[in-house]
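Reader: Can you walk me through the salt bridges in this one? Keep it brief.

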Amino acid sequence: MADQDTELIEAREKLRAVEGELAAAKAALDAVKGGGDAQQIAEAKLGVAKAELGVAEAKWQAATDEGQRDRLGRLVDTAQKVVDAATMAYQNALQAAAPPHGERQVDAMEDLVSSTRKIEARLEAIEQRLELVAPVDPWELLSTNSTQTQKEKLRQQLTATYAGQHAPIQCIVSGTFDNPEGPEQQRVVAAHLWPKSRAQEFQAWKSGHTDTICKGIDDTGNGLFMLKGIEEAYDAKRVCFLCDPFKCEICFKVLDPSLRGADDNGNRPFPAGCTTSYFELDSTTVKPPSIESNKRPSFQILSFHAKLSVQSALHRGWITQEQSDELQSTIKVSSPPKKE
């Protein structure tokens with residue numbers, strides 16, 4: 001199990017690295033498009049093709065869902081063919097630039113123009129397909145969701161929508177009121193449901209879903225007021241929310257047994273600043289602050305997080321396969337359909 005965890009972390013770190021390489025390759029291509037010669041453009045397109053192949057391979061290695069792995073496997077094959085075509089185009093560019101100049105060069109140039117146009121179209125198609133693949137896990141390797149400064153915009157949005165300018169702020173789970181004078185760890189914070197630091201991945205995820213509640217990373221639909229300790233447990237996938245869109249309710253679920261359990265003296269863990277233990281909070285059902293469609297958290301984001309959290313809990317040995325199946329069936333029911 002530890003070896004699998006290490007391999008998964010390494011695969012996801014590699015994904016972050018190759019995504020950076022792809023961004024650099026695209027920048028290099030943009031730099032030569034305006035004034036570069038045919039050879040430079042062909043070389044830059046080959047660089048983008050290789051980088052997109054690297055991203056597809058890294059996503060395939062990091063994916064845990066079998067259906068997603070199958071789709072990415074086919075995309076890897078397609079990306080490899082584009083690399084082969086881009087390599088040939090680059091060779092044509094070298095041939096076209098080499099002396100002697102004559103009919104052979106004209107033929108090579110015609111081949112180059114034709115192939116580079118096809119490659120550009122295929123690169124755009126691969127890029128679109130890569131963006132439509134759901135992010136592996138935006139909560140994986142998450143050291144911190146966002147700072148207090150980064151949360152300020154969301155806090156203002158949530159306050160205006162749910163509490164009012166001067167109304168007291170309270171945790172959605174425990175009902176604990178915020179104490180502005182208290183220690184930071186005991187504060188009620190504006191928690192991003194989808195991590196703010198993964199905003200780019202959020203846009204990719206949204207492109208394949210019909211979620212109309214949340215338009216941006218700092219929208220009301222991507223936030224809830226939570227005690228800081230509960231937010232940290234949520235980000236670590238130790239807890240999640242199960243949504244019932246028909247009753248417009250969310251159920252707080254504690255997955256990590258170390259949060260639910262008790263020590264040798266019978267003491268149970270409490271979120272900092274709260275008088276109710278995680279054990280008592282487990283399976284608490286709450287109504288969102290508002291049931292209006294534009295004034296409630298995104299059930300799709302919460303359900304996506306819950307799905308990954310349950311998978312992680314099973315992998316870590318926190319729950320049984322039977323418990324996982326039961327929870328996943330609940331999550332499946334509560335998740336609206338994807339775009340076709």
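Author: First, the terms: buried means under 20% relative accessible area, exposed over 50%, and partly exposed in between (1.4 Å probe, protein chains only). This is a predicted model: local features need pLDDT of at least 70, side-chain atom pairs count only at pLDDT 80 or more, and totals for chains, interfaces and linings use all residues. Residues are numbered from 1 along each chain as its sequence is written, and side-chain values use heavy atoms, with hydrogens and water left out.

Reader: How many salt bridges turn up in the whole structure?

Author: Six. The criterion is a side-chain nitrogen of Lys or Arg within 4 Å of a carboxyl oxygen of Asp or Glu.

Reader: Take Lys 228 and Glu 232. Where do they lie?

Author: Both are in helix H7 (residues 228-235), four residues apart, about one turn of the helix. Helices here are DSSP runs (H or I, at least four residues), strands likewise (E, at least two), numbered from the N terminus. The N to O distance is 3.8 Å.

Reader: Is Glu 232 buried or partly exposed?

Author: Glu 232 is partly exposed, at 37%. Lys 228 is buried, at 13%.

Reader: Which residues form a network?

Author: Arg 155, Asp 178 and Arg 187, joined by salt bridges that share partners. Between Asp 178 and Arg 187, the closest N and O atoms are 2.7 Å apart. Asp 178 is buried at 16%, and Arg 187 is buried at 19%.

Reader: What about Asp 218?

Author: Asp 218 bridges to Lys 196 at 2.6 Å, N to O. The pair links distant parts of the chain, 22 residues apart. Asp 218 is buried at 9%, while Lys 196 is partly exposed at 22%.
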